[in-house]
Amino acid sequence: MWRYLTKNTFKTLYVIAIIFTVSSCTHTPEKKPAFSIGIATWPGFAPGYIGIKKGFFKDLDVKFYIIDDFNARQAAYVSGKTQATIGTIDSYAFDIAHGISGKLALITDQSNGADGIIVKPSIQAVAQLKSKKIAFTRGSPSHFFLLTLLKENGLTMNDITSVQVDDPGKAGEAFLSGNVDGAVTWEPNITQIVQSGKGKILVDTKSKPGILVDAIEFNDGVLANRKGDIQVFIAGWLKSVEYIKSHPDESYKIMADAMKIPSKEFPNMASEIVYADKALNQNWLLADSGRKAKQLFESASEIWYRQGLINKKVSGSGLIIGDFIK
């Protein structure tokens with residue numbers, strides 16, 4: 001039959017097709033684009049999975065992309081694959097100086113023992129790091145932690161012998177091998193080294209809180225065009241943090257499964273961070289116009305500049321906002 005359609009039949013089908021297409025376009029609502037965030041495998045970045053599971057983000061289609069490589073995660077953000085990215089405030093200062101735009105609008109967590117400096121038992125104070133071989137990852141939060149502590153104790157990087165490694169885990173391995181006197185590393189390396197008897201914690205983020213603080217940076221496009229979605233996302237994230245407080249076991253299971261972290265390990269990892277609730281966000285982003293976050297940002301900018309890792313110092317004014325957590 002179809003082989004012998006007339007010219008008029010084709011015209012009729014063409015008109016019907018146009019009517020159907022117009023009708024479909026008229027009655028099918030346009031789907032709201034996904035709200036995508038680049039994260040890493042870290043307990044502090046996981047509360048959003050609770051929000052998805054429990055419907056705290058309402059009708060907002062939130063998608064998390066786990067991209068553990070920092071450079072790749074930032075590339076996804078710059079390319080527009082993700083509308084937001086997550087990292088420490090010192091890393092945010094690094095990004096801004098290198099032309100990556102966006103604003104910091106949510107504190108997610110702060111390290112509370114998950115990061116630290118491990119040293120040989122004979123070293124008793126930061127001042128005694130002078131002339132010692134210290135392993136660290138250049139340009140990383142670990143480096144910033146080390147630089148901050150050296151500065152507080154009247155030392156600079158010129159006072160130590162630097163041993164640069166690819167990531168903080170390898171710094172811990174260098175220490176265990178006996179090649180260095182100290183290492184700026186993270187968990188689980190810290191616990192492994194202490195249990196080995198080869199080293200001890202000189203200082204960590206539990207004894208020196210407020211240096212390594214994670215936050216979410218939103219790109220300019222989403223800030224300009226999707227303020228309502230940001231509000232829904234942040235409200236859902238903060239509700240997820242409250243859910244962790246009231247339902248810790250269930251919450252840890254949801255987050256562990258989503259991040260493929262062994263369920264038995266997750267509670268211990270989570271105990272070494274502080275999940276940032278609304279009150280903590282208000283303290284960092286609203287008190288005195290975001291003074292705490294702004295001070296940390298500008299301290300990082302100053303330190304990175306002095307290290308030659310950025311070519312200009314950047315003010316935090318206008319880059320750190322608390323509009324969505326009032």
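Does Asp181 count as buried or exposed, and at what relative accessibility? In this predicted model, Asp181 has a relative accessibility of 16% and therefore counts as buried, since the cut-off for that class is under 20%.

## The surroundings of Asp181

Asp181 is found in the loop that runs between helix 6 and strand 8. Leaving aside residues up to four places away in sequence, Asp181 is in contact with Ile118, Val119, Lys120, Ile123, Lys132, Lys133 and Phe175.

## Strand 6 and its two partners

Strand 6, which covers residues 133-136, pairs in the parallel sense with strand 7, residues 161-164, and four bridges link the two. Within this pairing, Ile134 has Ser162 of strand 7 as its bridge partner.

## Helix 6 against helix 7

Helix 6, residues 168-176, and helix 7, residues 189-196, have axes that come within 10 Å and cross at roughly 10°. Angles under 35 degrees count as roughly parallel, and helix 6 and helix 7 are therefore roughly parallel to each other.

Helix 9 spans residues 227-246, a run of 20 residues, and the distance from its first C-alpha to its last is 29 Å, close to the 28 Å expected at 1.5 Å a residue. The buried residues of this helix are Asp229, Ile230, Phe233, Ile234, Gly236, Trp237, Leu238, Ser240, Val241, Tyr243 and Ile244. In an α-helix there are 3.6 residues a turn, so residues three or four places apart point the same way.

Helix 2, residues 47-54, packs with helix 9 at an angle of about 95°, and the two axes are 8 Å apart. Because angles of 65 to 115 degrees count as roughly perpendicular, helix 2 and helix 9 are described as roughly perpendicular to each other. In this packing, Pro47, Gly48, Ile50, Gly51 and Lys54 of helix 2 meet Trp237, Ser240, Val241, Tyr243 and Ile244 of helix 9; Trp237 and Tyr243 are also among the buried residues of helix 9.

## Backbone features in the loops

Most residues other than glycine have a negative phi, and most peptide bonds are trans. The peptide bond that joins Glu187 and Pro188 is cis, with omega about 10°, and Pro188 is placed in the loop between strand 8 and helix 7.

Lys58, in the loop between helix 2 and strand 2, has a positive phi near 55° although this residue is not glycine, and its relative accessible area of 69% makes Lys58 exposed. Ser131, in the loop between strand 5 and strand 6, likewise has a positive phi, near 70°, in a residue other than glycine. With a relative accessible area of 56%, Ser131 is exposed, the cut-off for that class being over 50%.

Note on methods: Residues numbered from 1 in each chain as written. Predicted model: local features only at pLDDT ≥ 70, side-chain atom pairs only at ≥ 80, totals over all residues. Heavy atoms only, no water. Pairing = 2+ DSSP bridges. Expected span 1.5 Å × (residues − 1). Buried < 20%, exposed > 50% of the residue type's maximum accessible area, 1.4 Å probe, protein only. Axes fitted to C-alpha atoms, helices over the stretch in contact; angles between N-to-C directions. Parallel < 35°, antiparallel > 145°, perpendicular 65-115°, else oblique. Contact = heavy atoms within 4.5 Å.
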